[in-house]
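Hi everyone, thanks for making the time today.

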Amino acid sequence: MIRVHRGAEPSDLSELRRVERDRFRAVFASRGFDRRELGTRYTEVKTLLWQRQDAKCCYCEKLCEDVGSDLEHYRPASRYWWLAWTWENLLFACPNCNRWAKNDEFPLADEAARLRPEEDPPGGEKPQLVDPAAEDPLDAIQFVLDAVSGRWVPRPRGASVRGAETIRILELNRQALLELFQRHVRQYVMPDVHRLQEVMRTGDERAVRDEWNRRVPRSLQRTASYVALTYDVLDHFFPENERNRWGLVLSRP
Ligand SMILES: [Zn+2]
């Protein structure tokens, strides 16, 4: 997961938000929440977010070839109906993260601080789920090479409780995703690692820097899949002290 920049909201969204909020208030107050009442008008917003997020899920960074049916509400619409059309609450996510893993879950550090209907966020809320549009997820989650399985797995960075909770809520440790992570490292990251190690063995500082600058910025392009993983794999094989020795810079994506 990397930081997402969703940009400015579409000009017609505020009017739509006003109309839909009035309608939701009437419907949900009388009959309770019903997902079907959210309607089908999200398509346009979803396409825009999909484009601005480089067609990647905001949580797992999987590339999604088509827009699909999932518009992600960071604060779930089932619990925060008044934020169902709030631009800062909307993200593009894959069905595996949004529907099958996260769904309606949105734990807080202190449940008593949960917003009441029609209150603006964040209020006193301290969400346990990392918001990729509001903070740098790399502060909370780190990929590490698991010594037992030999696989790259997401772990909380440092002792980040929110990192651990985010991995749990989104099921970022799910088997199918670990498989995709593994394939990504093998096909796209390790060839760069091996080539860089090879050049380092020659001791030619200039050649190392040239090779690094040719390969690393390209593999950390935000448009690529699983960039947070790529970053941590490079950091693992070329830790800071070694980078400093060669004069190499590893910038966060
Ligand atoms: Zn996903």
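I'll begin with the metal site and then move on to the salt bridges.

One thing before we start: what you see is a predicted model.

So, which residues hold the zinc ion? Four cysteines coordinate the zinc ion through their SG atoms, namely Cys57, Cys60, Cys94 and Cys97, at 2.3 to 2.4 Å. If you follow the chain, these donors are spaced as C-x2-C-x33-C-x2-C. Cys57 sits in the loop between helix H2 (43-52) and strand E1 (71-73), while Cys97 belongs to helix H3 (residues 95-102), so this pair ties together parts that are 40 residues apart in sequence.

What about the geometry? The angles subtended by the 4 donor atoms around the zinc ion run from 106 to 112 degrees, and therefore the arrangement is tetrahedral.

Are these cysteines buried or exposed? Let's take two of them, starting with Cys57. Cys57 has 2% relative accessibility, so it counts as buried. Cys97 comes out at 0%, so Cys97 counts as buried as well.

Now for the salt bridges. The count for this model comes to 30, and I've picked a few for you.

Let me start with Asp139 and Arg252, whose closest N and O atoms are 2.8 Å apart. Asp139 is in the loop between H3 and strand E3 (141-145), and Arg252 is in the segment after helix H8 (240-246), so here the pair ties together parts that are 113 residues apart in sequence. Asp139 is partly exposed, with 49% relative accessibility, and Arg252 is partly exposed too, at 36%.

The next pair is Arg168 and Glu165, with an N to O distance of 2.9 Å. How many residues separate Arg168 and Glu165 in helix H4? They are 3 residues apart in that helix (residues 161-170), which means about one helical turn lies between them. Arg168 is partly exposed at 41% relative accessibility, whereas Glu165, at 17%, counts as buried.

Helix H6 (residues 205-219) gives us another pair: Arg215 and Glu211 are 4 residues apart there, so about one helical turn separates them. Their side chains form a salt bridge of 2.6 Å, N to O. Both Arg215 and Glu211 are buried.

And where do Arg215 and Glu211 turn up again? They are part of a salt-bridge network that links Asp192, Arg195, Glu198, Glu211, Arg214 and Arg215.

That's my tour, and I'm happy to take your questions!

Technical notes
Residues are numbered from 1 along each chain as its sequence is written. This is a predicted model: local features need pLDDT of at least 70, side-chain atom pairs count only at pLDDT 80 or more; totals for chains, interfaces and linings use all residues. Side-chain values use heavy atoms; hydrogens and water are left out. Donors are N, O and S atoms within 2.8 Å of the metal (3.2 Å for Na, K and Ca); water is not among the atoms, so sites may look incomplete. Four donors count as tetrahedral if all angles lie between 85 and 135 degrees; four count as square planar and six as octahedral if opposite donors are over 155 degrees apart and all others between 65 and 115; anything else is irregular. Helices (H or I, at least four residues) and strands (E, at least two) are DSSP runs, numbered from the N terminus. Buried means under 20% relative accessible area, exposed over 50%, partly exposed in between (1.4 Å probe, protein chains only). A salt bridge is a side-chain nitrogen of Lys or Arg within 4 Å of a carboxyl oxygen of Asp or Glu.
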